[in-house]
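The exercises below concern a strand arrangement, a chain interface and salt bridges. Work through each task before reading its solution.

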Amino acid sequence: MLDDGLERGGSSQAKTSNGKQAIAGIGAAPWNRSVTLERLGGDEKLLHEVMRIFAEEAPKHLSGLRDAIAQQDAGRVERIAHRLQGELGYLTIPEVLLAARELEEKGRNSDFEGALRLLPSFEADVSRLLHLMVAEERASGAPEATP
Amino acid sequence: MMDAIAVQSLGSEQPGPACDRVLIAEDDPMFRRILRSWLEDWGYQITVAEDGAQAWHILQEISPPHLLILDWIMPNLNGIDLCRMVRERASSPYQYILLVTAKDDKQDLVRGLEAGADDYLSKPFDRDELRARLRTGRRILTLQDAQFKIGEELRLQANHDGLTGAWNRTAILGLLQREFEHAARSGNTVGLIMLDLDYFKKVNDTYGHLAGDDVLVEAAQRMRQAVRSYDLVGRYGGEEFLIVSPDCNTEQIQACAERIRSAMAREPVHAYGSKIAVTLSAGTAILAPGLNTEREALAAADAALYDAKSAGRNRVVSCT
């Protein structure tokens, strides 16, 4: 479930007056459900599936990224960041997407210090994004996803 | 013919039969889910591989999909290497490859195309763009399919008698040559039957040439039914037929010729509104590499056929 992904993903977020979530660290680039829905051809069921998969996969990717950097496994850093980059591309958060791209480049260049510097804010952004997705789902009245 | 097929498919919203099956090789479950959902909506039949090695395994099947969507970065075997392997295999019919990746540098694009991809799409791909690119692939594959069918048709026409569907003279003599070479290697013998419809000129003169054509078609059909599935029936010329039976000895070829004679004589042919009693004469011979040549065996079968005719027709004579 989306909530399970959140538990694994980490932190919480602040709620704005209109009920939407603001993501600290990724500035004015909120999770935009309607844009993602449009990208997916307006298919609500598919959107829900995509969000569920992301909620399941993202924590595993973040954990893998941490391990790969710690073990200085450049290829793995590059692969995981590349994959996150692709997934985040659908979720329409350009700033987080850029951070994933930077992490991929750090991996390609075996720049582990640089990757380590980027990682905390990237992890936080992805976690907040997950929270925001859940909140949007609840606000839109969509049924909870089941694995 | 080709134009008709192409226009029909290009004008259709649904994929043509040549490319309605798509292999998706993608290790990311999110993209797999998105691709599957969209492609199924568009009417494609989907086969999914979760990595490159699994995709390669699927491509070894007898009838793999012709349209491939390959992710660049996959475990075990990446999309670029998979592309190269597909192209090195140079299989026919052609497989159209759409490479997808989050890589979007021009250099990456060049690398992907040089590896053998036909098209390249960066993730996250746009739904309409993906659909349009798949249609492009489908158009190319449909044209190829039409050309392939025309090639097959031409091959069939070049090798077969247009009236009876039997092998034509050139083809049956070529097959005889092939069977001779095969028999020379295996040490087996090849049976030959030369057949001629009795009084066929009279059939044409009495019932007309259209009825004569019907008789030829029916005779060829009864011959095919009387022989083994791997025996070869050819129209040697006019009302003469030649049957080549691989791995066959004297007794077997005599029995086969007798089955054909009997099948022809047993009941009349319904030809162009008439019931026409038709018989045939047959001469058999054995081709034994080392002992005789194809030409000698053919001459022997022909001589036996002549003897069958001289002895009163509607009979089988074997070359001794």
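**Exercise 1: the interface**

Task: find how many salt bridges lie between chain B and chain A, and describe the interface around them.

Solution. Step 1: the count between chain B and chain A is 3 salt bridges, a salt bridge being a side-chain nitrogen of Lys or Arg within 4 Å of a carboxyl oxygen of Asp or Glu. One pairs the side chains of A:Glu49 and B:Arg33, at 3.0 Å from N to O.

The model is predicted: local features need pLDDT of at least 70 and side-chain atom pairs pLDDT 80 or more, while totals for chains, interfaces and linings use all residues. Residues are numbered from 1 along each chain as its sequence is written, chains are lettered from A and ligands numbered from 1 in the order in which they are written, and side-chain values use heavy atoms, without hydrogens and water.

Step 1: 17 residues of chain B are in contact with 20 residues of chain A (heavy atoms within 4.5 Å). The area buried between the two chains is about 1,700 Å², 63% of it from carbon and sulfur atoms; buried area is the accessible area (1.4 Å probe) that two parts lose on being put together, summed over both.

Step 2: B:Met30, B:Arg33 and B:Pro124 supply 33% of the area that chain B buries against chain A, more than any other three residues.

**Exercise 2: the sheet of chain B**

Task: give the strand order of the open sheet in chain B and say why E2 and E5 each have one side without a neighbour in the sheet.

Solution. Step 1: the 5 strands are ordered E2-E1-E3-E4-E5, with parallel pairing. Strands (E, at least two residues) and helices (H or I, at least four) are DSSP runs numbered from the N terminus, and two strands pair if DSSP finds at least two bridges between them.

Step 1: E2 (45-49) and E5 (119-122) of chain B stand at the edges with a single partner strand each, so one side of each lacks a neighbour in the sheet.

Step 2: E1 (residues 21-25) of chain B is joined to E2(B) by 5 bridges; B:Val22 has B:Ile46 as its bridge partner in E2(B).

Step 3: helix H6 (residues 127-159) of chain B lies across E3, E4 and E5 of chain B, at about 160° to E4(B). Axes are lines fitted to C-alpha atoms, for helices over the stretch in contact, and angles run from 0 to 180 degrees between N-to-C directions.
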